[in-house]
Amino acid sequence: MDYLDRLARCAAELRLDALPASTVTAAKLVLLDTLGAIVAGSRLPENTRLARLAATRVPHGMAALLGHGARSDAFWAALTNATAGVALEVDEGNRLGGGHPAIHVIPGVLAMAEERGLDGRRLLESVVAGYEVCSRIGGATTARPNVHSHGTWGTIGTATAVARLGGATAATIRAVINVAASMSPANTWTPALEGATIRNLYPGRSAWQGLLAVELQACGFTGLHDAPSDVYGTILADAYDPALAVAGLDALGRGEPYRIEQNYFKLHACCRYNHFALDAIATLRRDHHLAAADVASVEVTTIPFGARMADPAPSTMLAAKFSIPYAVAAALVLGRSDTAAFEPPALGDARIGDLARRVTVRTDSAMSPRSVEQPTARVSIELRDGRTLHGTTTVVRGDAAAPVGGHEIVEKFVVLASPVLGERRSREVAAATQAADTLKNVRDLTAILTPA
């Protein structure tokens, strides 16, 4: 068997009963975290209007538009929910590959499971399968410098999970992967850096395309023998190594953790590449009781991509989430890096703008966002009294290599979802998600993901 056969067989044969308990626990937390990101993002004006459009296009659909009291079909629900899920930059990711696999998998497979009235066990199996394939193919890819991780592997992730949801054979899943790969979107970093919210549609449209890929394969459309090597090896990436996609695959659950256990949860509401500096800032601020008025200047040395995130004066919420100077200044001035730190009142805070202009960003070619052994950021803070403080981050809190307790992820969900659902209902959703394997019908979960 070649690497695609092996990936497809892994997805087809995956059974919840055979998974380690730690994998099932991780899948439930990832599901909860992703639902929180979707519900929180649903309240943004453009996402509210998108949900209204989706409900209008398919007024009698069976799939919930999360955070709204409306439904559509699986296609529109997947697009709408995935788009909302990245709008606030709080969705999880995986440094081993695939960018943000959960948002590439969960919106599409949840909508289809809901439409078909399937149970929670089938949903969790499909989420783990889609996440594994998405992350592994992503990890085999060395994306071109301006190719954004959102959506790039999303069509494959959604398609694999939805095919698995339908009980597809390994041969069918392989065929679906190949069809989906040739439907992969080409997305750049530029809209994110400039704050254009069309960027948030990246995982939304890849979810739609993933659902469509499954339907097209069933209609008889065929793909290449190895479409990922074609798309990632010649267009979207500088290199694609199939061997990396199956490294350790045969040892899954027997010493090799599933990828969904090796993720990171975001504890700062911004681009992951800000987190390296923000963790160091948080430690220095706490240890030295720093106030923003004490700071003369800040120097951040980080991964090479940091050079593109050096704009000190972002004009929109999304652009601010991709600005190292802004994020650092906001953390020092406000003492926070949650969603409020990037909203309009904070964007208009003159204290943040003034300090952001005094933040210098430098890069180090030896630093890598995938590293767990080498620093990912070094921060130097020059104080007005002449002292200089130094901090370093290697692995960010929330990464599997520097984990936080499950209770912290639950509380993150409650904080994100409560403005939309209310605290009582948010805790009800958290409890239902943590018992997802007992759900007779996933509609019992999605029914409470709307305002009370």
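Asp399 and Arg272 form a salt bridge, with their closest N and O atoms 3.2 Å apart. The term means a side-chain nitrogen of Lys or Arg within 4 Å of a carboxyl oxygen of Asp or Glu. The pair links distant parts of the chain, 127 residues apart: Asp399 sits in the loop between β8 (388-393) and α18, and Arg272 in helix α13. Both residues are buried. Buried means under 20% relative accessible area, exposed over 50%, and partly exposed in between (1.4 Å probe, protein chains only).

## About the model

This is a predicted model, where local features need pLDDT of at least 70, side-chain atom pairs count only at pLDDT 80 or more, and totals for chains, interfaces and linings use all residues. Residues are numbered from 1 along each chain as its sequence is written, and side-chain values use heavy atoms, without hydrogens and water.

## Other salt bridges

The whole structure holds 26 salt bridges. In one of them, Arg6 meets Asp250 at 3.1 Å, N to O. Arg6 lies in helix α1 (residues 3-13) and Asp250 in the loop between α12 (242-245) and α13 (272-288), so the pair ties together parts 244 residues apart in sequence. Arg6 is partly exposed at 22% relative accessibility. Asp250 is partly exposed too, at 47%.

Asp2, Asp5 and Arg174 are linked in a salt-bridge network.

## Helix α18

Helix α18 covers residues 406-421. Helices here are DSSP runs (H or I, at least four residues), and strands are E runs of at least two, numbered from the N terminus. Its buried residues include Ile409, Phe413 and Leu416. Gly422 follows α18, with a positive phi near 90°.

Technical notes:
The expected span of a helix is 1.5 Å times one less than its number of residues.
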